[in-house]
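Dear colleague,

Here is the structure I promised to pass on. Please have it open while you read the notes under it.

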Amino acid sequence: MAECGGGIAHRLASRRCCVFKELSFIDRRRTRNNFRNVSMIPPFKKHLFGTRWRSLGVSYRILSMDAREKSTSTVLESSKHKRVPVFVVMPIDTFGADASGSLRIKRLKALTVSLKALKLAGVHGIAVEVWWGIVERFAPLEYNWRLYEDLFRLISESGLKLHVALYFHSNVHQHRKWGVSLPLWIAEIGKSNKDIYYQDKSGLSNADYLTLGVDRLPLFNGRTALQCYEDFIVNFANKFEPYIGSIIEEISVGLGPSGELRMEDLRIAACQVGKPEWGDRGPQNAGCYNSLPPGEWYSGKLICHADAILAKAANALKKYQQTVETSVLLVAKIGGIYWWYQTISHPAELTAGYYNTALRDGYDPLASMLSRHGAALHIPCLEMMDNETPPSYLCSPEGLLQQICKISNKRIHLIGRNANERLDKTGLRQILANCNHPQAEAVRSFTYFRMNEKIFSVENWNNFVPFVRKMSSDY
């Protein structure tokens, strides 16, 4: 997924016009042309942004479960002909270290102006990524929510709602300059026990994630990984209880890793199929990360991990589900693995752990599991079209989206998001069409990925504002 970042304050002092006066002018007139004044908001640094193909290492994975998984599905009220609130994701470099090394909110004044501009444009809320590696950074069970308290207060005072994403992984390999590592005390444990991380068949470790094999092993100062995640979620809910259901409307939870499966279950499964040697580092003739479909396919059964975390999150948020006034939506994210979708085996999905092929619907049991927990599904790629993808990779983001919409219909809510930044009319029109697909329920909300300097340029702003207005109005 293309990540965007950059500064928005380095030219603030040089601006002669007062942005707040411009925003007041916008508020009075509310015309398209007047929104051009918001382009005076100091831009993000261009060199930090780049549109690129979504990485094959997707951060949030809900893996296919066995076809025997059955559960009662909730029939939802129709969401056709309803508004689709738009959330905008915060910049990747929202926090930065000051001279003393302490983290703080960067470019506070310019960020405040940007939030007010988004509010005036009709944006419903802001999506904030809450990192395990920031909050429980130095010691187990020692939580520091100060940064997020300040940020949530700022967003709330701007009149915006919140979508909070709880992340239990690191993104250092994606963003070395702005990345957030796993908690430092976790890293210390990893120095003496690298098996807590994923390893590929070459033995290379990925310290961005804890392997699912430690979900139930008390390796973390007497706690299992699942207990660490549960304690974090419960502490978050207790800390921000006044916000939940009023300001915080949606809470999504990171459910899975990016990387090859390595755990005891693999050894057991390998023995069951008469291939015990596969339990070491997987089949040695299964190809590599960039193999073509005839050379590789791999799938895992990690739905129990997603099931366990969602169960704990749903339990922690249960008391906020009892009334409409305090209701908060629990959300699960999956990656949009659309390359090789037009093949029979769907090898890219299988390699990622989604057991979805032309002969097996891997998303139907997923929808059943989510329905059991009352969770919505966060789906990406709403801006993408098949004819914009490289033909040699047999991609079909539209086909994948159609399949997911079909199986989720009437059972679970869908939350939409874009995979790559699109601010052109064509891309925004595609998002609008997918959010209001004539053969599926309208998505519950849409998360635009992410805030950066391009949104506030004159041309893009004049595309973005009408898009938000259309999404936010009945049709």
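Below is what was found, from the whole chain down to single residues.

The protein chain has an average pLDDT of 79, and 72% of its residues score at least 70. Two stretches need care. Over residues 1–73 the pLDDT stays under 50, although the model has 208 contacts beyond four places in sequence for them. Residues 257–262 also stay under 50, and for these the model has 32 such contacts, beyond four places in sequence. Where pLDDT is low, the predicted coordinates should not be read in detail.

Next, the chain as a whole. Its secondary structure comes to 14 helices and twelve strands. Of the 475 residues, 55% are buried. Among contacts with a separation of 6 or more, 79% are between residues 24 or more positions apart.

Now the barrel. Eight strands form a closed barrel in the order β1-β4-β5-β8-β9-β10-β11-β12, with parallel pairing. From one strand to the next the twist averages 30°.

On one flank, β1 pairs in the parallel sense with β12 (residues 445–448) over three bridges. β1 also pairs in the parallel sense with β4 (residues 125–131), again over three bridges. Phe 87 has a bridge partner in each of these neighbours: Thr 447 in β12 and Gly 125 in β4.

Phe 467 sits in helix α14, which spans residues 458–471. The relative accessible area of Phe 467 is 4%, so this residue counts as buried. Leaving aside residues up to four places away in sequence, Phe 467 touches Leu 428, Ile 431, Leu 432 and Phe 446. Phe 467 and Ala 121 are 346 residues apart in sequence, while their C-alpha atoms are 9.7 Å apart in space.

Last, the aromatic rings. A search of the whole structure gives 24 aromatic pairs. One of them joins Trp 145 and Phe 232: the ring centres are 5.2 Å apart and the planes meet at 50°, so the pair is tilted. Trp 145 lies in the loop between α3 (132–135) and α4 (146–157), and Phe 232 lies in helix α6 (residues 225–239), so the pair ties together parts that are 87 residues apart in sequence. Trp 145 and Phe 232 are buried.

Another pair is Phe 152 with Phe 240. Their ring centres are 4.8 Å apart and their planes are at 55°, so this pair is tilted as well. The pair links distant parts of the chain, with Phe 152 in helix α4 and Phe 240 in the loop between α6 and β8 (248–253), 88 residues apart. Phe 152 and Phe 240 are both buried.

Regards

Key:
Residues are numbered from 1 along each chain as its sequence is written. This is a predicted model: local features need pLDDT of at least 70, side-chain atom pairs count only at pLDDT 80 or more; totals for chains, interfaces and linings use all residues. Side-chain values use heavy atoms; hydrogens and water are left out. Two strands pair if DSSP finds at least two bridges between them. Helices (H or I, at least four residues) and strands (E, at least two) are DSSP runs, numbered from the N terminus. Axes are lines fitted to C-alpha atoms, for helices over the stretch in contact, and angles run from 0 to 180 degrees between N-to-C directions. Buried means under 20% relative accessible area, exposed over 50%, partly exposed in between (1.4 Å probe, protein chains only). Contact means heavy atoms within 4.5 Å. Rings of Phe, Tyr and Trp (its six-membered ring) pair if their centres lie within 6.5 Å; planes under 30 degrees apart count as stacked, over 60 as edge-to-face and the rest as tilted. pLDDT is the predictor's confidence in each residue, from 0 to 100.
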